[in-house]
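Please view the sequence and the structure together.

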Amino acid sequence: MFADLGRLEEVEMHENVKYVGSNAINRLRLKKPVYSSKILVAVPKNYNTNYTILPTTEKICAYTFSDCSALPLVTIPNSVTIIGWKAFSGCSNLTSIDLP
């Protein structure tokens, strides 16, 4: 949907959005994570510190963290019941995923 809008840095989604395609915003230069209600859609590719997913999150979309090569650790709350395909692909510095 927005994949080829390389200059777009921020996306806000209405809480009623229930589905976002796996590559809808994957190539954007995001400055902050994108959530839609209880769904984590994407995080900035340059994220280089530990990341804690919001405690109300139920789903991590496909490719959400893909190519976040500097990301060292992700904390996933027990509210998450779905982790999308290749959600962490290309995270070459990811050394730990904390699950409750």
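The report treats confidence, the sheets, a salt bridge and one threonine in turn.

This is a predicted model, in which local features need pLDDT of at least 70 and side-chain atom pairs count only at pLDDT 80 or more, while totals for chains, interfaces and linings use all residues. Residues are numbered from 1 along each chain as its sequence is written, and side-chain values use heavy atoms, with hydrogens and water left out.

The protein has a mean pLDDT (the predictor's confidence in each residue, from 0 to 100) of 82, and 71% of its residues reach 70 or more. Confidence is lowest in strand β1 (residues 34-36), with a mean of 86, and highest in β5, with 97. Strands here are DSSP runs of E, at least two residues long, numbered from the N terminus.

Two strands pair if DSSP finds at least two bridges between them. An open sheet of four strands has the order β1-β2-β4-β6 and mixed pairing. Its edges are β1 and β6 (82-83); each has a single partner strand, so one side of each is left without a neighbour in the sheet. Between β2 and β4 the pairing is parallel, over two bridges. L40 has I60 in β4 as its bridge partner.

Three bridges connect the parallel strands β5 and β7, and L73 has S96 in β7 as its bridge partner.

A search of the whole structure finds one salt bridge, defined as a side-chain nitrogen of Lys or Arg within 4 Å of a carboxyl oxygen of Asp or Glu. This salt bridge joins the side chains of E58 and K38, at 3.6 Å from N to O. E58 lies in the loop between β3 (51-52) and β4, and K38 in the loop between β1 and β2 (39-42), so the pair ties together parts that are 20 residues apart in sequence.

The table gives accessibility classes (buried under 20% relative accessible area, exposed over 50%, partly exposed in between; 1.4 Å probe, protein chains only).

| Residue | Relative accessibility | Class |
|---|---|---|
| E58 | 38% | partly exposed |
| K38 | 40% | partly exposed |
| T64 | 0% | buried |

T64 belongs to the loop between β4 (59-60) and β5 (73-75). A polar atom of the T64 side chain lies 2.6 Å from the backbone oxygen of C61. Leaving aside residues up to four places away in sequence, T64 touches L40, V41, A42, V43, K45 and A87, where contact means heavy atoms within 4.5 Å.

Notes:
A polar contact is a pair of N or O atoms within 3.5 Å; within protein, one must be able to donate a hydrogen and the other to accept it, and residues adjacent in sequence count only if both atoms are side-chain atoms.
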